[in-house]
Every structure is written in C-alpha cells, then in structure tokens.
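Please look over the sequence and the model shown below. The briefing that follows is arranged by topic.

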Amino acid sequence: MALMETGKYSQGSLLGSVNPDLASERQTASFSVEKLTAWLDGGTEHTRLRRAVVEAIECDPVFSRENQYFESQNERYEAAVRKAVHLQKKMDEMGWTENGPEFKALSGDLAFLLHRIFTRSISMLGSDQQIAKWIPLATQYQLIGSYAQTELGHGTYLQGLETTAVFDITTQEFVLNTPNISAMKWWPGDMGRSATHTVVFAQLYVNGKCYGLHPFIVQIRSLQDHSLCPGITAGDIGPKMNFEHIDNGYLMLQNVRVPRENMLSKFCEVQPDGTYVRRGSQKINYFTMTTVRISLILDEVVIPLMKACTIAIRYSVVRRQSKLKPGEQEAKILDYQTQQEKLLPQLAAAYAFYFISDYLQELFDRGYREIQRKNFDMLPELHAFSSGFKAMVTQYSTSAVEICLRACGGHGYSLLSGLPSLYTKIVASCIYEGENTILFLQTARFLIKCFMAASTGQPVPPSVTYLAAVTPEKCPAKNKLDFLSPDIYTEAYQHMAARLINSTAAKLQDLVQSGVKKHDAWNQCTVQLAQAAKAHCHYITVKNFAETVEKLETQPGIQKIMKHLCDLFALHGIFSNAGVFLHDGYISGAQMDMVTASYLDLLAVIRKDAVPLVDAFDFTDKTLNSALGSYDGQVYQRLYEWAQKSPTNKQISPAYERYLKPLLHKTLSKL
Amino acid sequence: MCVEWESALFLFSSSVLSLEALVINDPDFQHEDLNFLSRSQRYEQAIRKSSLMVLKLREYGITDPDEIYWFKRICLGNFPEPFGLHFSMFQKTLETQTTDAQKEKWLPLIIGTYAQTEMGHGTHLRGLETTATYDPATQEFILNSPTVTSIKWWPGGLGKTSNHAIVLAQLYTQGQCKGLHAFIVPIRQLGTHEPLPGITVGDIGPKFGYDEMDNGYLKMDNFRIPRENMLMKYAQVEPDGTYVKPLSDKLTYGTMVFIRSLIVGDSARSLSRACTIAIRYSAVRHQSELKPGEPEPQILDYQTQQYKLFPLLATAYAFHFVGAYIKDTYHRISGDIHEGDLSELPELHALTAGLKAFTSWTANAGIEECRMACGGHGYSRCSGIPDIYVTFTPSCTYEGENTVMMLQTARFLVKSYTQVSSGQQVTGMVSYLNDLSRQRIQPQHVAARSVAVRINDPVSLVEAYKARAARLVEAAAKNLQAELNHRKSKEDAWNRTSVDLVRASEAHCHYVIVKLFTAKLAEISNAAVRAVLTELCLLYALYGISKNTGDFLQAGILTDAQITQVNQRVKELLAIIRPNAVALVDSFDFHDVHLGSVLGRYDGNVYENMFEWAKKSPLNKTEVHESFHKHLKPMQSKL
C-alpha cells in the first residue's frame with residue numbers, strides 16, 4: 001500500500017489523503033456521481049439542504065457517535081436521552097420541525113421515538129378535546145409518552161391481547177388490569193425507564209360485555225420524582241441484540257383507574273351511562289398501520305442497506321488478497337468474481353428498493369387524499385401493498401446486510417466496521433410492525449381474492465390486473481442479449497407470479513372441494529401462499545425498476561448505469577430462483593444458461609462503477625461510523641487508531657493480578 | 001421414540017455426562033448471567049473460569065484428551081475462552097514443532113497464543129508481511145512489523161492474557177527470504193505482565209460476539225529473540241545463518257483437516273441448540289387461530305412454522321453424522337499419515353474444506369432462521385440465540401474463508417474431472433464422475449434416468465443428488481475450458497468461472513451429506529428410532545431438492561410433475577414429524593445451563609422466567625434511572 005511507503009505510521013494521523021486504491025476507482029466512473037446523488041435526492045436543492053442539515057448535526061459534539069461501540073447498555077441509554085434532550089433544544093433554536101429532514105440525519109441512537117408514536121396515535125385516534133389537552137403537553141415535553149400494545153404472550157395477533165379495561169359507571173372511570181403474566185405489556189420503547197405516560201391497548205368491558213381492543217392514556221410515573229404510580233409495575237426488559245439505547249419496557253397494571261375521558265374516542269366512545277358508541281369507519285386504523293410500514297421501509301431498511309453496501313464495497317477495493325496473476329500485486333478482492341457475486345446484487349437491490357419505496361410513498365399519498373375524501377376503496381390494496389412490501393424488503397435487505405458483513409471477512413466482525421450494528425438493527429424490522437410470514441399471508445389473502453374476482457371477470461385493482469392477462473407460454477428470448485431487455489424479464493416475472501398465485505388458488509379449491517375445511521386448507525397451503533405473495537412483490541419491484549429507468553431518458557449518463565443495475569437485479573432474481581422459472585417450461589434449460597451468462601457478464605460491467613455507485617449515496621464518514629467504509633479508504637490506520645481507544649486498552653483489568661498471576665505462580669512453584 | 005437411547009447414539013459417553021454433573025454442581029463455576037455484564041467483566045469471568053478449570057483438571061486428574069475437551073466445553077458453556085489458543089494452537093504447535101529441549105524450556109512457563117493473521121492478510125498466508133531477520137553476529141532474530149497492515153490482528157488471548165506468542169513471520173537469512181516460519185516471542189514481562197520494550201500489544205476492541213475474548217494486536221519494532229526461539233523441528237537456521245530446509249510441508253494438512261472437522265461438529269451443535277430453543281418455544285407459544293372459535297394453537301401447529309424449523313432440525317441431525325464421519329476418517333487415516341502414507345489426505349483435505357464451508361454457511365443461516373421463528377422474544381438476549389449466532393458466525397471466516405474453501409474443493413473436483421476425461425478412473429466420493437464418460441456415449445442416458453427417481457426412497461434420492469453434482473461439476477469444468485479456449489490466462493479463466501465452481505462444490509458437498517445421512521440409517525438397530533430418522537433424512541433430501549429445483553429440472557433429473565410431488569411430500573413430512581419434534585430436540589440432551597436460554601427451558605415455563613430475568617437487567621438496578629435527574633428533569637423545567 002502506498003500509504004505505507006512513507007514508513008511512518010506511528011501515532012501521527014495519516015488520515016486525510018485518499019487511499020490510492022480507492023482514488024483510482026473514482027477516476028474511471030462512467031457517470032457523474034454528483035448528478036446521480038442529486039437525482040436520488042429529488043433535485044440539487046434537496047441535496048444542498050440535506051447536506052446542510054447533516055453538517056449542522058455532525059459538527060455538534062453532543063451528537064458524536066465515536067464511542068457508541070464502546071458503551072454499555074446503561075451508557076447508551078443515557079447518551080440517547082442526552083441527545084434527544086439536546087435535539088429538542090436545538091430544534092427550538094434552529095426552527096426545525098418534527099417531520100423535517102433533521103431527524104433522518106441523526107441516524108439513530110435517540111430516545112423518545114415512541115414519544116412520537118404516542119403523540120401521533122393521540123392525533124389520529126383522539127377526539128378534538130383530547131388532542132387539545134394532550135398534544136401541547138407532549139410537544140412541550142411536560143410528559144413523555146410511550147405506546148403499549150404488544151404483550152408478553154401476544155404480538156401480531158391483536159385480538160389475542162389480554163389486558164382489560166372495565167368501565168366503572170359509579171366513578172366514571174376505567175379500571176385497567178393485567179390479568180396474568182402473559183398479559184404483561186412487553187417491548188414498548190421508552191417505557192422501561194423514561195415514559196411518564198403511555199397509550200395502553202386493552203379489551204374494553206362495559207356491563208360485562210367485551211367490545212374489543214381500545215386505546216387508553218395511562219400515567220405510569222410521577223411527574224414530580226419519576227417514581228412509579230400506584231398499581232404500576234414497570235421496568236426495562238433487559239439486553240437485546242441491538243437498540244441498547246432504548247429502554248424497551250414491561251408494564252403490569254393492577255386496578256389502575258383512569259377517567260372516562262382517557263379512552264381515545266375519535267371513533268368509539270363510552271358515554272357516561274355506559275352506552276357504547278361507534279362513529280366513522282375504523283378502517284382508518286388500518287391506514288395508520290400501513291403508513292408506519294411504508295415509512296419504515298426507507299428509513300429503517302433501505303438506508304441501512306445502502307450504508308452496508310457502501311462499507312463493504314469500499315473495503316473490497318482497499319483489501320487486497322492473493323494473486324490473480326503470478327508476479328503481479330495482490331488483487332483487490334472486488335476483482336474476484338465470487339466477491340462481485342456477493343456484493344453487486346445487494347447494491348442493485350438497494351437501488352431497487354429505494355425506487356420501490358418512492359413508488360409506495362406516492363401510492364400512499366394518493367390513498368391518503370382519497371381517504372380524506374371518505375373514499376376507502378383503495379384501502380385493501382394499500383394494506384396488501386404495505387404488508388407484502390414491508391415483508392419482502394425487510395427480509396431481502398436483512399440477508400443483504402448479512403452478506404455484506406460476511407463479505408468483509410474477519411474485519412466485518414469487528415463492531416468498528418459498523419456492519420454488526422447495521423445488521424442487528426435491520427434484522428429487528430423483520431418482526432416489528434408485523435411478523436413477515438404473517439404479512440406475506442395477508443398479502444396472499446388479497447391476491448387470492450383478486451385472482452378469484454379476475455377469473456370471473458370482476459374488476460380488480462390496477463396492480464393485480466395481470467392475474468387475468470394472457471401471456472405467452474414460452475419466454476421468447478433467443479440469446480443471452482435478449483435477457484437484457486426489460487420486456488423479456490419483466491414478463492418472465494409476471495408469468496411466474498401469476499402462475500404461483502394461480503396454482504395456489506387451484507390447490508386451495510381442490511382441497512376445499514375434496515372436503516377439507518376452509519381453515520385447514522388454508523393452513524396446508526400457507527408455505528405456497530407466502531411464496532406467491534413474495535413473487536408478486538418481486539415482480540412489482542422489477543417492473544417498477546424498469547419503469548424508473550425508462551423515465552430517465554433526459555439523463556443518459558445515469559440511465560445507462562441504472563439500466564445495468566436493473567438488469568442485474570432482475571437476472572439475479574431469476575438465477576437464484578431458477579426452479580420457479582423453469583418449472584412450467586416458461587424458461588427452458590438453454591435459456592437459463594443464457595440468463596446465467598448475461599448475469600455473470602453484468603457483474604464485470606458494474607464492477608467498474610461499483611465505488612461511484614455507493615459514493616452517490618453520499619453518506620458522510622460520521623454517518624457511516626465505520627473503520628472499513630470511510631471515504632478516504634484509510635482502513636487499517638483507522639482500525640488501529642480506533643482500537644487503541646477501546647476501554648479494554650485504557651482500563652486496567654484486575655484479571656491478571658487476581659487470576660493469571662496466581663495461576664502462573666502455582667505452575668512455577670511446581671517446577 | 002426413546003430419547004435417552006438416542007442421545008447415547010451419537011452425542012455423549014456416560015463419562016461425559018458425569019463430568020457435566022461435576023461442573024454444574026460445583027459452586028466455583030457459578031456466576032451472574034453474562035448478558036448483564038460489560039465486556040471487561042465478561043473477560044474477567046472468563047479468565048477466572050479458565051484458571052479454575054486448569055486447576056480443576058489437575059485436581060480431578062483428567063488427562064484423556066477427549067475428556068479434557070468435554071470438560072472444557074462444559075466449564076465454559078458455549079463461550080470462547082481467552083486460553084483457547086493457548087490450549088489448541090499454542091501447545092499443539094509447541095508439541096509438534098519443537099525439539100525436546102525447546103519443549104522443556106517453554107511448555108510449563110507461559111500463557112501463549114498463536115499469532116498468524118495480520119491486519120492486511122488472513123486466508124492468503126503467503127502475503128503475511130511480518131519479518132524475522134537473522135543476525136549471525138548476535139545469533140538472534142530481529143522481528144519487525146514493517147507496515148500497518150503487518151500488525152498481527154485478531155489472535156485470541158493476545159490482547160491482555162498471554163505473555164508469549166508463537167509468531168508467524170517471513171524468515172530472512174543471508175539476505176534471502178525463506179518464507180513463513182514460526183517463532184516463540186515473549187511479549188510481556190513475567191511477574192508484572194507489562195509489555196516488553198519494542199512490543200506494542202493491546203485489545204482490538206469490541207466485536208459482534210466473543211466479548212470474553214481479548215482478541216489482540218501485536219506490533220514489533222526491532223524486537224530481538226535468541227536463535228533457539230525459532231521452532232526448529234522441521235526447518236532450521238544454523239548459527240552461521242545457513243538455512244536447512246524442511247522435509248515435507250504436506251503434514252500441516254493433517255492439522256487443518258482436524259480443525260475443520262471440529263467446525264463441522266460445531267455447526268451441528270450450534271444449529272441443534274438453536275433448534276432446541278425454537279422448537280420448544282414454538283410448543284409453548286400460542287397465537288392467533290387456526291379454527292374459528294377454538295383456543296389459540298401452539299405456533300408449532302402452523303405449516304409455515306414447521307416449514308421454517310423442521311428442515312433445520314433434519315439438517316442438524318445430518319451435520320452430526322457428517323462431523324462424526326470426518327472425525328472417524330481422520331482418525332482412521334492419521335495412522336497412515338504417521339507412517340508417511342499421504343495418499344488419502346488430498347481427498348479428505350478437499351472434502352473437509354468444502355464441508356466446513358457448506359455446514360457453517362447453512363448453520364449460520366439456520367440459527368438466524370430459528371431466532372426469527374421465535375418472533376420478538378428471539379431478539380432478546382434471554383432467548384440465548386443471539387449469543388449462539390454471534391459466537392458461531394465467525395466460523396464462516398476463520399480457519400479458511402468459506403468461499404476460498406469452496407474453491408479449494410472445486411480445484412479437486414476439476415482435477416478429478418480432468419482425470420476422468422483423459423480416461424483415468426477416480427475413487428472415493430468423486431467416483432460418480434467416472435459415470436460421466438459413459439453418459440457421453442449414450443446421450444439419452446440422463447433424460448432416461450429422470451423417471452427412475454423414487455422420491456420416497458433415500459437411496460434413490462442419493463442418486464439424484466449424485467447426478468446433480470456430476471452435472472454441475474461437468475458444467476463448471478466445461479465453462480472453465482471455454483474460458484481457457486478464449487486464450488484467457490489460467491488465473492483469469494479460473495476467476496471468471498468461480499461462481500460456477502462454487503456451485504459445483506456446493507452440489508458435491510450436498511450429495512456427500514445426503515449420502516452419509518442415508519448410510520447412517522442402516523446402522524440404527526432400534527426400529528422406532530430408525531423410522532423417525534428415516535423421515536428426517538427424507539425431509540432433508542427432499543427439502544434440499546425443493547430449494548434447488550432449478551438444478552434438478554435443468555439437468556432433467558426430475559420432471560415438473562416430480563418437483564410438484566417433492567414439494568407436496570415435504571409438507572406431508574412436516575405433519576408426520578410434528579408429533580416427534582420436541583422429542584427430537586430433547587434427544588440432543590442439552591442441559592438448561594448449557595442451553596442458556598429462557599425460551600428454550602426444558603420445563604417450558606417461559607413467561608415467568610422472562611420476567612424474573614428482566615428484573616435483573618442493569619437498567620433496573622434503581623427504580624428511577626439517573627438519567628431522570630441528569631437530563632429529563634432539567635429539560636422539563638427549561639421548556
């Protein structure tokens with residue numbers, strides 16, 4: 001490495017100059033990185049604004065994450081609270097808003113995220129009076145809120161929740177209880193240590209009748225000294241794979257009384273005499289859930305995947321290992337086909353999902369406008385979309401980040417690479433806001449319904465009209481170049497998705513006709529149903545990528561490389577799921593060999609632009625917080641300097657005096 | 001089925017079980033839940049236990065290597081120990097590569113580690129940069145870390161624990177580089193444990209897992225050691241600097257085979273633990289409804305849950321048998337090795353490289369699958385699976401990076417294929433390649449064979465896997481040849497075919513595993529056990545087909561209709577295995593202490609114990625956290 005040629009590397013900082021191995025990658029870019037960044041941001045103005053915000057936050061030492069990897073759970077919790085409080089102050093000073101870009105720039109490690117959900121749920125589910133009373137208190141941080149839905153024994157299946165709220169007509173109060181241990185609220189963020197209030201979901205009972213789940217505002221800690229209120233047992237649920245900075249909590253309620261007005265009553269109300277009144281459609285509740293799922297795709301999944309790709313790809317051009325040709329310098333590991341095959345499809349997926357998240361966001365904005373006009377027609381489709389895509393994108397991206405981690409060999413395993421934290425965080429997204437398998441099955445239910453409707457000629461939502469479309473029996477591709485045509489591969493995906501949905505629907509029908517009960521038949525087909533739902537989402541993602549590329553005709557430089565990525569994403573999917581494309585002979589064995597050949601050719605093409613393509617994500621070094629992924633590529637120097645700051649190198653461990661010395665001496669004395 | 005008999009079948013001997021009782025009941029080995037400790041505290045606990053263990057080994061008079069191995073596993077639970085390399089690599093290297101005089105001098109005195117990997121180099125050993133230059137004037141070697149990339153990085157026990165290290169360095173004598181050699185280097189003062197002058201040593205910082213291990217760095221600046229500190233059993237440097245060459249370097253193959261066989265065993269064990277936790281928890285957890293109006297079912301009754309877990313259970317069993325097979329084969333031929341007969345070593349070496357990669361990749365993904373099957377609670381450290389995962393996942397990298405391992409196997413496969421093509425016969429696990437030449441004479445042969453596969457017969461499925469491996473090896477070899485015909489250099493052609501080559505190796509390993517699992521069935525005398533293991537074996541083989549249908553369809557080994565049958569049969573097997581699922585994990589016979597999981601407890605009292613566990617969390621030490629006084633209160637008063 002040229003860096004070492006100076007021969008001086010003791011303690012002085014060499015950081016600053018760019019590692020030539022990384023610099024050379026940037027000189028050969030086939031497109032303008034700055035232009036791609038601006039396009040991804042939605043315009044140069046957005047880029048400028050985003051950079052200004054990131055700069056403002058990163059130059060503030062309170063937000064520094066340098067010691068994050070060294071901190072204990074207790075320290076990280078405290079740091080998160082400190083940062084959240086500081087952010088509040090800063091927002092007031094700078095005039096930032098809750099929904100502005102500043103939050104995204106912080107890249108995590110803040111407390112009070114659930115406080116925001118608390119506020120949002122009151123705005124969505126509360127009456128005007130409730131909003132007027134609680135929202136100012138919450139925005140002023142006169143109270144800190146949490147959102148308590150999940151219980152020890154129940155997560156995704158909401159009807160199964162066991163917490164009860166019984167209306168006491170004599171005192172005009174609800175009496176909340178945790179009837180047994182599995183009913184304990186478990187997991188809510190900010191609840192273990194911080195929150196003073198929480199929205200509790202409980203089964204409502206009035207005059208002995210159960211009306212199902214309803215939300216109640218419950219105070220859990222004193223506003224004076226933060227001690228627990230009477231009847232409340234609450235605490236932290238203990239260490240997790242990540243999110244050490246968040247005090248996910250447990251909550252047990254014993255005859256906790258809240259006034260009648262504390263039930264959030266935009267849609268349902270218990271009147272003073274105990275009459276239960278329902279108003280408006282509850283469907284809007286679904287909409288809240290679906291919006292949360294859609295917004296998490298970008299912030300919690302796609303961005304982390306982009307970071308992981310940035311780290312792994314930059315490191316793979318700095319790391320040299322073995323020789324490709326005798327007598328030459330050791331090769332960059334990104335020059336090995338196997339390394340390209342690990343990383344470049346993940347890079348293509350990051351772009352694909354970035355575009356699908358855009359697409360979904362637009363769809364939801366449209367849906368929201370309709371809903372405000374009291375038109376709920378789009379809801380089933382939106383719900384199916386949010387479930388299926390949340391599941392597919394989180395599952396795909398989780399495995400993609402893990403691949404990036406393992407592609408960095410031993411150094412990827414160090415926390416200082418940044419990759420383990422990205423992985424342990426993204427992996428949680430497969431479970432929260434709906435467990436993925438269950439979400440796939442919800443989408444499948446929608447697809448089967450649409451398929452049945454379509455096959456009897458009834459109208460179906462636009463995204464699924466393909467279920468009734470007539471496609472050719474065989475893929476028309478003649479040579480490997482044909483597989484670089486978006487029409488060819490999009491049609492293959494469409495055919496495959498339609499076939500899987502079709503055959504699963506047929507199987508369901510067969511079972512029912514042969515006398516199997518409907519629910520049993522459903523359970524017997526669930527593996528297939530989940531596969532069909534995934535195939536549907538994969539198809540839409542490919543189609544959307546191809547359409548996005550098409551719209552880029554005004555920017556030919558960018559369009560070309562995006563087209564390569566789109567091809568790669570599509571062909572990688574066919575290559576890795578060959579069986580489902582071969583199954584009914586739509587793609588022949590010979591055509592599959594063409595797919596493989598085109599796919600492998602693309603790796604070598606995209607290899608040349610790999611670094612510019614991650615540079616375009618435009619993450620600062622502080623945002624990445626990775627010794628392997630920094631812009632200048634001074635990987636080894638950074639690792640060495642950072643490791644020396646580890647507490648294990650600063651604190652004196654008592655282990656030697658206490659254990660090692662006696663052990664050695666015992667051995668010595670025996671000699 | 002008989003659980004106890006099953007565990008006796010392939011896991012523990014009775015002496016191991018009594019060792020386990022010895023340790024679990026010993027108050028000296030008790031400690032606070034590691035999940036609540038900081039890294040420094042975990043390190044200290046590990047050192048305490050390791051030191052104790054050494055003393056107890058003496059106290060109990062345990063000397064049998066197998067017993068030592070099990071005793072250590074039991075003492076340390078599943079966590080790595082800072083002395084790990086001291087016992088494995090350091091002592092082993094000293095024993096095999098030193099002269100008797102050296103042994104006497106070094107063995108008793110020290111805590112050592114084995115420093116091979118550098119910051120810039122891992123798997124590619126020839127690239128290591130550390131130098132050891134012989135100075136005949138003083139009869140010393142001068143050790144240097146000439147660049148940042150040459151700093152020794154990762155060796156376990158190096159950061160804080162060891163006072164000596166075996167350092168691998170490029171030997172220079174009489175102005176010539178003689179390649180990598182091993183040197184014993186003192187790094188810390190005996191008595192004070194301070195680093196010696198010229199030595200920079202420390203901990204490499206926090207990692208994904210291995211919290212208790214002080215993986216370290218080591219930088220040497222003109223650090224001098226006497227000539228005797230070079231390990232000289234094989235190669236030697238004479239006082240005047242003359243270099244005497246070693247006889248053969250193939251012998252190191254043996255050690256590698258042995259260590260990789262341990263990883264295969266570890267893949268089986270780690271996956272078994274994760275399966276035990278996930279399957280027991282899935283029997284305790286109730287959720288949603290299958291039938292309207294009925295109580296919530298155990299989540300293990302859902303087909304999707306069975307589909308996640310039972311193939312992994314079958315895989316765990318398969319890997320146990322593979323691990324045992326490699327170990328046995330190694331022991332069988334190590335006698336030959338000692339007598340200088342190395343003929344069987346290349347194949348075993350190639351096979352273990354691939355199987356190490358195949359099993360560790362599969363187990364790595366499988367452990368995560370088990371964790372995710374436990375939903376949100378799997379994410380809590382109390383489930384124990386996060387620890388299994390982070391401890392296991394580096395085995396995809398260490399002792400040979402998996403992709404590199406797969407390519408080593410591929411090299412052997414291509415070589416065998418080339419031999420067959422030139423008319424020679426090959427033997428052993430690759431002998432199926434001999435059939436390829438016959439098939440070329442009868443082009444219809446492959447297609448004709450497809451109808452012959454009987455999907456309920458493991459022996460017939462072995463044939464299907466064999467055909468797939470043969471086809472992929474052939475395809476990779478042909479693609480390689482095509483690249484070579486394009487006048488590409490050998491290395492370029494190899495690189496441009498490497499994705500195909502890895503696929504071929506995977507198919508070969510997959511075939512070997514199905515074959516070994518099937519062969520094992522015949523050895524089981526108890527009919528009930530044989531019946532349930534036959535179901536598992538079928539599930540393993542059929543699930544593998546359903547996940548790789550493309551290979552079987554494209555090669556014409558199975559038809560569309562057969563694939564549909566395979567998919568259907570997999571689901572039927574899930575329902576058949578369901579009643580035995582818990583018994584099958586109970587057979588692994590993990591003690592609760594060893595399993596380290598609240599979700600996987602033998603008694604299934606999950607929720608109560610999660611609550612008890614959480615109450616001990618560090619954040620719950622006081623009712624009002626200090627952050628309230630430090631940050632929250634001031635914020636509220638200011639706003």
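Which residues does Thr150(A) touch, not counting residues up to four places away in sequence? Thr150(A) touches Gly155(A), Met184(A), Lys185(A), Trp186(A), Trp187(A) and Pro188(A), where contact means heavy atoms within 4.5 Å. This is a predicted model, in which local features need pLDDT of at least 70, side-chain atom pairs count only at pLDDT 80 or more, and totals for chains, interfaces and linings use all residues. Residues are numbered from 1 along each chain as its sequence is written, chains are lettered from A and ligands numbered from 1 in the order in which they are written, and side-chain values use heavy atoms, with hydrogens and water left out.

**Confidence**

- Chain A has a mean pLDDT of 91, and 94% of its residues reach 70 or more; pLDDT is the predictor's confidence in each residue, from 0 to 100.
- Over residues 1-12 of chain A, pLDDT stays under 50, and the model has 22 contacts beyond four places in sequence for this stretch.
- Where pLDDT is low, the predicted coordinates should not be read in detail.

- Under "binding site" (unreviewed entry), UniProt lists Thr150(A) and Gly189(A); UniProt positions are given in the numbering used here, feature names are shortened, and annotations may be inferred rather than shown by experiment.
- The two span 40 residues in sequence, yet no two of their C-alpha atoms are more than 10.7 Å apart, so they gather at one spot.
- Thr150(A) is in the loop between strand S1 (145-148) and strand S2 (164-168) of chain A; helices (H or I, at least four residues) and strands (E, at least two) are DSSP runs, numbered from the N terminus.
- Thr150(A) is partly exposed, with a relative accessible area of 26%, whereas Gly189(A) is buried at 5%; buried means under 20% relative accessible area, exposed over 50%, and partly exposed in between (1.4 Å probe, protein chains only).
- Gly189(A) sits in the loop between strand S4 (185-186) and strand S5 (197-206) of chain A.
- Leaving out residues up to four places away in sequence, Gly189(A) touches Leu114(A), Ser146(A), Ile246(A), Asp247(A) and Asn248(A).

**Two helices of chain A**

- Arg76(A) belongs to helix H4 (residues 73-94) of chain A and is buried, its relative accessible area being 7%.
- The side chains of Arg76(A) and Glu244(A) are joined by a polar contact of 2.9 Å; a polar contact is a pair of N or O atoms within 3.5 Å, where within protein one must be able to donate a hydrogen and the other to accept it, and residues adjacent in sequence count only if both atoms are side-chain atoms.
- Apart from neighbours within four places in sequence, the contacts of Arg76(A) include Gln68(A), Glu71(A), Asp109(A) and Asn242(A).
- Helix H22 (residues 635-644) of chain A is mostly covered, with nine of its 10 residues buried; among them are Tyr636(A), Leu639(A) and Trp642(A).

**Annotated features of chain B**

- UniProt places the feature "active site" (unreviewed entry) at Glu399(B).
- Glu399(B) is in the loop between helix H11 (385-392) and helix H12 (402-421) of chain B, and counts as partly exposed at 35% relative accessibility.
- Beyond its neighbours within four places in sequence, Glu399(B) is in contact with Ile259(B), Arg260(B), Ile263(B), Lys356(B) and Met405(B).
- UniProt lists residues 458-636 of chain B for "domain: Acyl-CoA oxidase C-terminal" (unreviewed entry).
- Over residues 458-636 the chain is 75% helix and 0% strand, and the end C-alpha atoms are 69 Å apart.

**Contact between the chains**

- In this model, 133 residues of chain B are in contact with 135 residues of chain A.
- About 11,100 Å² is buried between chain B and chain A, 61% of it on carbon and sulfur atoms; buried area is the accessible area (1.4 Å probe) that two parts lose on being put together, summed over both.
- In chain B, Phe208(B), Tyr379(B) and Leu619(B) lose the most area to chain A, together 7% of what that side buries.
- Gly209(B), in the loop between strand S7 (199-203) and strand S8 (216-220) of chain B, is buried at 4% relative accessible area.
- Neighbours within four places in sequence aside, Gly209(B) is in contact with Tyr413(A) and Val390(B).

- Cys408(A) is in no disulfide, the nearest cysteine sulfur being that of Cys404(A), 7.2 Å away; Cys408(A) is buried at 2% relative accessibility.
- Cys396(B) is also in no disulfide, and the nearest cysteine sulfur, that of Cys509(B), is 14 Å away.

Note on methods
Disulfide = S-S within 2.5 Å.
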